[in-house]
Amino acid sequence: MAMQRFVAVVLLACIALPTAPVWGLNITAILNGYPDYKMFNKYLSETKVCDEINARESVTLLVLGDGPMSSLVLDADQSLAGIKNALRLHSLLDYFDPRKLHGLTDGTTLTDSLYQAGGDAAGKMGNVNITNLRGGKVAFSSANPGGKYDATFVKAIKQMPYKLSIIEISAPIEFDGLFDTPSATNLTRLLEKAGCKRFAALIASTGVLKTYESAMDKGLTLFAPNDDAFDAKGAPDVKTMPSADLVTLLKYHALPVYNPKPSLKTVSRPLRTLASTASGKYNITVVTKGDDVALDTGVDKSRVAATVIDDTPVCVLTVDSLLMPIELFGDAPAAAPSPDDAPAPAPSVADASPPAPPPADAPSKAADHKELKASSATALRSAGAFAAAVFSTVLL
C-alpha cells in the first residue's frame, strides 16, 4: 500500500511539473548580491516598485550604479513619489538580453514600462525607445518627443531567460514631467473629490485627521469608504456611536505603513491598523483573487475599489463598505438559518422500524471480506502497473 501511494505521488508531481513555476522572483534579494547597485535596490524597496516587478511574468530591469542613481535622486528633488515614477520607467515589460538588444529588427523598438502600464504617463511617454547606434552602442530614451539617448548599455548583470533580465545603463532615463506627482498635503480635499465627503467630515470633526497627518511622514495607507457605504444594510449608525468607538472605527481604516494596491496583493499575514492598542489587535486581512483585492475584518469583507492618490509614502484607496472590526462588532447576531438549511427532525423510537432481515441467499461477512480483499489486491496491482507505465513515459 505504501509503495502504491509513493508511486502515485511521484506520478502526480511529474504530471504537474510543466505547469508549476520554475522559480519565485525576489528582485531585491537578487540585487543584494551586487553592492554596486545598493542605492537603486534601496529605493526599489522604499517605493514598493519591487512588489510590482516581482508580480510580472517577464521584465527587464535597467539598473543604475550609485553615481547615476544619486543624480536621479537629486533631479527628483528627493521626492519618493518622483523616484518611484523613474524606477517604474526603468522596468521594461519584456525580456531583453544582450543578444536581443544588438539584434533588434530595423535597429530600434518601442517597449512598455511599468510607468506606462500604471496609467500615470500621458500618451506614450511611459514607453521606452531602444535603438542601436553607430559603433555597436545600444541606447535607451523615453518615447517623449525630443527624448535624448543619454542612457546606453553598459553590461548585462543577470539573465533568467524570458523571465528576468538585469542590465546596467550609464545614465537615468528622464523626460520633462516625470517627477511631477500629485501631493497628499490636503487630505480632506482629496477625499471629497473622490466621493468620500462623509468620511472626510468625520475624520475632521473627531480629530482623527491629525492622527493620519502625523503618520504620513513615516507611511500611511488609508481605506476611505464612499458616501453610500454609510447607508448600506448592516452599516453602523455613526451618529449614535460612542465617541471613543467612532474614533476607533475611523482609525481602523488606516495602516501605519505604505502599502499601495500592488503591494497589498503580496501580503499574506494580518495587517496592524492605526486602531491597534495593547488591549486589542484590530488587525485586518487582505484577500486577493486575480487582480481583485478585498479586506476581511472578521465581520465582513470590502473590495478595494480605486487609488485616489499614490504619493509615496502615502496611499489613499477607496473601499466599497465600512470596515467593521470584530473587536467592536463581533457580537452582531448571526443570521437565522433558512428553512431549507434546518436539519430534519430525528425519528422517535416509537416510529422506528426494525431492521429488515437479510435475504436467505446473502453471502456471509467472511465471504464478503475475502471477496473485497481479493478485489482490492487486483485493483492495486493494476493501478501500480499503470502508474509505472505512465511514470516511465513522463520521464522519457
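A residue is called buried when its relative accessible area is under 20%, exposed when over 50%, and partly exposed in between, using a 1.4 Å probe and protein chains only. Please keep in mind that this is a predicted model, where local features need pLDDT of at least 70, side-chain atom pairs count only at pLDDT 80 or more, and totals for chains, interfaces and linings use all residues. Residues are numbered from 1 along each chain as its sequence is written, and side-chain values use heavy atoms, leaving out hydrogens and water.

With that in hand, Tyr-115 is buried at a relative accessible area of 4%, and Phe-175 is buried too, at 10%.

Rings of Phe, Tyr and Trp (its six-membered ring) pair if their centres lie within 6.5 Å; planes under 30 degrees apart count as stacked, over 60 as edge-to-face and the rest as tilted. The structure holds 3 aromatic pairs. In one of them, the ring centres of Tyr-115 and Phe-175 are 6.3 Å apart with planes at 45°, so this pair is tilted. Tyr-115 belongs to helix 8 (residues 114–117), while Phe-175 is 60 residues away, in the loop between strand 7 (164–169) and helix 9 (187–193). Helices (H or I, at least four residues) and strands (E, at least two) are DSSP runs, numbered from the N terminus.

Next come Tyr-252 and Tyr-282: their ring centres are 6.5 Å apart and their planes at 70°, so they meet edge-to-face. Tyr-252 is buried at 1% relative accessible area, and Tyr-282 counts as buried at 11%.

Finally, the charged end of Lys-42 sits over the ring of Tyr-43, 4.1 Å from its centre (NZ of Lys or CZ of Arg must be within 6 Å of the ring centre and within 35 degrees of the ring normal).
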